[in-house]
Amino acid sequence: MKLVAIVGTNAEKSYNRELLQYMQHHFSQNVTMTVAEIDQVPLFKEPKPDASLPDSVQGLVVQIENADGVIIGVPEYDHAVPAALKSVIEWLSYSVHPLTDKPVMIVGTSLGIQGTSRAQDELRQILNAPGVGAIVLPGNEFMLSFAPKAFDGQGDLVDRHTISFLESCFQHFIKLIKTQQGTARVAVKWQGHYDVIVLGFGGAGATAARFAADQGAKVLIVEAAPFGREGGNTRYSAQHVVMGENLADLTDYYHALNAPFVTPEKTLQAYLTGMSQIPAYFETYLGIKAVSWKHDIKPGDAVAVKKTMAEYPELKGSQTVDFALVHKRDKDAGLWKVLRQQVMSRTDQIDIWLDSRAKQLIQEPNTGIIRGVQIERQGQLLNVHAKNGVVMAMGGFENNPELVQTYLHSRRLTPLGTLFNRGDGVKMAQAVGAKMWHMTNYESHGILPGITFKEAADERGRQIEQWPLLKQGSILVTADDGTRYFPEDAPHRHGHIKTHGSWLIPMMNQHPYLVFDQAQYNDFKQQLADKGRLPYPKFMAKLISAPSLAELATKMGVPAANLTATVARFNQFKQLGTDYEFGRHPESMRCFDDGPYYAIATANDVLNTQGGPQRNENAQILDTHDQPIPHLFGAGELGGIVANCYQGGGNLAECLIFGKLAGEHAAATKADADEVTADDVNGINDIVDAENAAKVTLAADQYLGSSNSGLGGKITVRVTYRHQRIENVEVVQHHESEDVGLVAVDQVPKEIIAANSTDVDAVSGASASSRAIKEAVQDALQQVQRD
């Protein structure tokens with residue numbers, strides 16, 4: 001057990017410090033105690049907007065947050081607590097609240113007989129104040145009188161009765177901590193309460209939220225992406241949903257796809273049964289008659305006629321595979337728009353938080369029940385309760401370099417989809433004991449198998465399926481050593497090519513390149529002249545060139561001898577009519593000329609990862625003993641069902657099928673559900689707010705400003721500014737709590753108008769709301785200056 005003991009004074013000599021140091025040593029066999037000083041903490045002063053906490057305060061916050069309990073040694077100055085300690089507590093209750101629901105024990109020493117009795121009484125009141133909210137040990141008041149005589153030369157207490165009483169008080173404190181940790185209801189101060197929380201607003205999250213709402217649940221969706229970038233990989237996908245006409249054939253096909261690996265049959269059948277019913281799903285739940293690619297697409301349609309629907313037509317049962325589309329187009333986010341609209345038509349039941357990141361699941365230590373989620377939103381950590389269930393639909397880990405390195409054996413993979421799949425779900429699930437599966441499995445695409453053009457770290461890669469000049473002519477791909485490593489014209493299946501009998505993504509390289517000669521460059525230049533643009537507009541600007549292969553190799557950072565030999569072998573194989581290294585079709589090859597030569601950097605790419613927590617046929621996430629973690633569900637690419645080879649459209653089908661299962665099962669009433677009353681942050685829908693804010697009318701001399709610093713989230717104001725004066729401030733949008741927060745909404749605008757300035761006092765107890773209103777007005781006034 002970890003405790004932090006705070007010396008409640010900045011005095012150089014303190015008997016309270018001696019008492020805490022004695023406790024640190026005396027109880028060291030039972031607990032780990034750190035003695036923290038406050039002498040470096042500055043006097044509290046309301047910081048400017050966006051100012052960070054002083055380092056000394058932040059350090060104390062971290063110590064308290066990481067401790068199971070806090071002990072405060074308080075002196076008594078003039079019948080009260082020292083000003084330094086009061087100032088520290090003000091820092092710990094202004095914008096951060098580490099003492100909330102934290103067990104606290106108070107001790108004190110004095111020179112005389114009082115033993116800090118008045119100071120301890122005052123400190124109890126302070127610790128009970130709103131914004132502090134500590135759980136103070138009742139009774140057990142350890143007050144040490146005549147401190148100079150109480151310690152010996154080694155700093156030990158000398159009176160055995162005093163020691164015995166301190167031990168008794170301390171044991172009661174440990175019991176309080178254990179009670180808090182082991183209580184049937186997890187000891188958390190909740191800021192919000194929903195029936196179901198859905199983490200992720202892509203295809204799986206949208207589906208889960210919609211079906212939970214249809215069961216009568218009040219739902220919160222939490223999405224890490226900002227407004228306009230929500231949708232996960234669903235919005236970037238081709239919009240093809242795989243389906244099949246015959247369940248038995250689908251079963252054969254998916255057994256063959258997964259081989260030699262085995263997927264639990266009940267989970268697989270839940271997936272395949274849903275897949276066989278996709279047309280009915282579209283019509284019943286999406287209000288759309290599904291377009292069958294196999295039966296409805298004709299020559300001349302916007303999508304091409306396919307020779308085969310199955311990605312692996314050689315496998316048993318593949319003949320049943322088909323695709324469902326929402327209309328006769330694809331790659332237009334058509335399905336995502338339908339799923340998003342299903343959510344937006346239920347905003348009476350569903351709240352949406354954007355640009356908000358789930359940090360950890362809140363789990364009861366004894367029962368393992370998931371009671372809620374801690375969410376980082378607009379600089380605040382908020383604990384939101386979920387009565388019946390949490391659905392993890394957060395996507396994969398393709399944008400997390402650490403996890404990519406650990407599981408996919410690459411320093412970095414360039415994402416082709418969303419930039420917001422950062423592996424949060426993997427870490428959160430592991431922290432509550434979830435069983436992981438399929439962690440090394442991922443899909444790719446790009447410009448050639450497994451690679452795309454190299455982009456900056458915060459940019460998506462390009463997926464270009466049809467650009468013949470990248471794989472026909474005097475052009476090849478080199479590995480880190482300047483040699484070829486796969487046939488450039490190879491047909492690929494989501495980045496996988498057939499290698500020695502298995503379908504694998506080509507080997508990883510840190511800096512692969514496309515290399516070509518002057519003739520190939522002329523072909524690219526001619527295409528640019530004919531079409532007016534290239535499929536990759538930045539192509540020409542990113543080229544490097546050199547008059548010789550040796551000089552080009554130096555610029556590429558590869559051995560010159562290897563690159564020269566590679567081109568020589570390529571030319572030789574063309575002349576012989578056979579690519580003896582990799583089997584590229586000789587008609588796609590042209591001998592390299594005498595230069596100059598060109599290269600463009602490429603990078604390994606990723607479409608999506610499949611790994612994550614394993615789920616069962618009811619979309620319940622399993623622990624390492626294959627038992628469901630109570631109240632925890634999963635859907636989508638986080639813990640996807642794909643064990644080996646991937647069939648296109650399979651992840652979208654999984655979003656729909658397991659999204660429905662997860663939403664319905666999460667919303668179902670649970671016998672072990674607990675009741676919580678907390679609604680400070682309820683009622684926020686960032687998408688509705690953003691759309692409504694865009695509709696606010698502005699007359700002459702009116703300006704719109706906003707801030708995300710409010711306790712409830714975004715605050716928007718309309719400011720009327722004429723003749724160098726703030727004539728009016730109207731709060732047109734807010735989600736502040738229905739108590740003191742509303743006082744700030746009412747009073748602060750009036751004070752700003754009266755002062756003609758945002759430099760006004762905060763409403764007591766509503767500092768966050770007050771600050772946000774002032775920031776929103778400042779935002780509007782900045783527009784005045786620009787105008």
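A residue is taken as buried when its relative accessible area is under 20%. In the predicted model, glutamate 455 has a relative accessible area of 8% and is therefore buried. The salt-bridge partner of glutamate 455 is lysine 538, with 3.2 Å between the closest N and O atoms. These two residues are 83 positions apart and link distant parts of the chain: glutamate 455 occupies the loop between strand S19 (451–453) and strand S20 (475–478), and lysine 538 the loop between helix H15 (518–531) and helix H16 (539–542). Lysine 538 is partly exposed, at 36% relative accessibility.

In total, 38 salt bridges are counted. One of these pairs is formed by the side chains of arginine 124 and glutamate 141, at an N to O distance of 3.9 Å. Arginine 124 belongs to helix H4 (residues 117–127), whereas glutamate 141 lies 17 residues away in the loop between strand S5 (135–136) and strand S6 (142–144). Arginine 124 is buried at 18% relative accessibility, while glutamate 141, at 36%, is partly exposed.

A further salt bridge connects arginine 484 and glutamate 581, whose closest N and O atoms are 4.0 Å apart. Arginine 484 is in the loop between S20 and strand S21 (497–499) and glutamate 581 in the loop between helix H18 (560–576) and strand S25 (597–606), so the pair ties together parts separated by 97 residues in sequence. Arginine 484 is buried, with 5% relative accessibility; glutamate 581 is partly exposed, with 34%. Both residues belong to one network of salt bridges with shared partners, which also includes Glu488, Arg569, Asp579 and Arg584.

Conventions
Residues numbered from 1 in each chain as written. Predicted model: local features only at pLDDT ≥ 70, side-chain atom pairs only at ≥ 80, totals over all residues. Heavy atoms only, no water. Helix = DSSP H or I, 4+ residues; strand = E, 2+ residues; numbered from the N terminus. Buried < 20%, exposed > 50% of the residue type's maximum accessible area, 1.4 Å probe, protein only.
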